[in-house]
Amino acid sequence: MGGTKRRPYGSTAKTRQMVLAALGVVKVATAEQIRQLMCPGTASAQTVRNGCLDLGRDGLVESLGSASRTNAAGNLVTEKLWNLTGPGLEAAAAVLDRPVREMGGTARGAARSGAKHAVKVTDTIAAFLQTPPEPTCPVPRKAAQPATTALPSAPAGNGTAAAPTAAQDRPQGLGQISSWTTEVVLPVSGTLTTPGKNSPRADAVLTAPEAGVPVMFVEVDNGTENPVALSYKASRYREFFRRTVKAPTGSPNPYARPAEKPIPMWETLYDPLGREGYPPLAIVFTKQVGPTAMNNRIDRVMRLTEVHWAGEYKEFSTSYVGDGQDGYTDFTDAVPILVTTLDRLREHGPLGLVWFRFGHPTWQTLHDALDNPSDERAFRRRQRRRDQLHEQQRKQEEEQRDRELRERRERWAAEEAAAEADKEPDPVCQKCDGPLEGSPFEYDPLEEDAPPADGQHCAGCRIQLAEPTGRLDRVIRRLVAGDDRNPRQ
């Protein structure tokens with residue numbers, strides 16, 4: 001496709017903006033890497049290369065070095081490395097809508113030396129993004145362009161326009177190019193512009209709150225550093241996370257009192273996590289080694305950094321008989337360290353089962369790896385469950401006691417009724433139908449005056465029956481026994 005006098009390589013404004021945005025983030029990259037970052041649906045990297053050449057004529061980008069890679073056919077390929085110039089850095093800041101002071105440097109020195117580490121950082125960001133390839137319709141060109149990622153069923157380029165090809169399937173990615181920053185200084189002392197000694201510099205920082213990742217710090221390991229150096233980086237990250245500063249007021253009221261309690265410095269730079277602990281640190285191993293060597297390296301780094309990620313276990317008595325002790329891990333001062341490999345990221349994407357978090361038993365998705373299943377929340381859930389079981393057991397025991405008491409009362413009532421039914425009726429007086437005998441617990445004066453019991457009459461009736469009925473009998477009674485009016489002298 002022919003160009004113009006202004007744009008001799010025929011690049012479009014969109015292509016040039018994509019190049020500026022990519023280099024504004026990763027600082028140095030090949031044309032193929034920019035294609036993977038921004039437009040993987042294009043048939044080859046020539047589109048990006050033309051954009052770099054046109055931007056180079058404007059003095060916005062330059063190529064000061066080259067990088068080598070092995071292509072799909074197993075051949076060693078050398079490609080130009082592109083980086084921004086000073087004016088290009090300002091143009092990229094405008095495209096990304098960022099202040100120029102936050103753009104960092106131009107990476108000219110890294111480009112001259114081959115930028116081996118920077119190239120791997122770019123590959124890592126591309127594996128995170130997994131930019132969906134959009135179907136394209138190639139334009140006619142005078143010379144055939146070699147397809148970089150043509151599908152097996154796609155016909156080879158023959159210089160004529162072809163039908164749009166189906167987009168190549170990719171796993172789901174995370175974030176956008178604007179979600180990333182590289183070579184971010186994290187001052188353990190000093191300021192962001194003049195950090196103190198031993199302040200860590202993150203290879204890349206991802207901020208994708210819309211995807212549930214407010215902030216993630218990424219370290220890319222090419223296998224050139226030993227595990228001790230990696231563990232030292234983790235300690236410096238923790239030192240930065242521990243740093244506190246005076247909390248901003250955040251209120252336009254001039255009479256508002258500033259917050260007296262200091263807050264972590266990182267919370268003033270990034271969104272809150274919505275969970276306990278510090279932001280996660282992801283280590284991506286890019287060197288291709290055997291599984292045994294990779295597992296040994298991961299295990300070595302895990303052991304050396306345990307003091308930084310393990311947290312503090314707090315044990316409590318459950319106060320329930322038989323349950324013993326229980327507790328949880330406090331991750332307030334712990335750095336979640338996640339590891340993966342570049343090959344895993346490329347194949348399954350950042351949301352797949354590609355993450356191994358130190359302290360977790362197996363490979364997990366990013367969401368599960370960032371979770372703390374043994375923290376205070378889990379302990380509180382177990383405690384609520386114990387409380388529910390204890391309350392349920394208490395109610396069951398209370399119901400059992402009530403049921404047993406009710407059964408005893410019913411049994412006692414039944415026994416009394418049966419005893420009453422089996423008991424013989426008390427004898428009654430044949431004359432008055434009253435009780436034949438008085439109560440043994442009460443004194444009855446009639447018993448003294450009554451004739452001896454005859455088994456048929458009560459004491460009162462026996463007295464009445466013993467009284468004389470005739471006139472002569474009454475006279476004799478008065479003479480013998482006397483009466484009230486004429487007592488016997």
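This is a predicted model: local features need pLDDT of at least 70, side-chain atom pairs count only at pLDDT 80 or more; totals for chains, interfaces and linings use all residues.
Which residue in E3 is the bridge partner of serine 66? Residues are numbered from 1 along each chain as its sequence is written, and side-chain values use heavy atoms, with hydrogens and water left out.

**View 1. Pairing of E2 with E3.** The bridge partner of serine 66 is lysine 80, in E3. Strand E3 (residues 76–84) runs antiparallel to E2, and 8 bridges join them. Strands are DSSP runs of E with at least two residues, and helices are runs of H or I with at least four, numbered from the N terminus. Two strands pair if DSSP finds at least two bridges between them.

View 2. The 3 strands of the open sheet follow the order E1-E3-E2, with antiparallel pairing. Strand E1 (28–29) and strand E2 (61–70) are the edge strands, each pairing on one side only. Helix H1 (residues 13–26) packs on the sheet and touches E1, E2 and E3 (contact: heavy atoms within 4.5 Å). The direction of H1 makes about 90° with that of E3 (axes are lines fitted to C-alpha atoms, for helices over the stretch in contact; angles run from 0 to 180 degrees between N-to-C directions).

View 3. The whole structure contains 0 disulfides (a pair of cysteine sulfur atoms within 2.5 Å). Cysteine 429 counts as buried because its relative accessibility is 0% (buried: under 20% relative accessible area; exposed: over 50%; partly exposed: in between; 1.4 Å probe, protein chains only). Cysteine 432 counts as partly exposed, at 42% relative accessibility.
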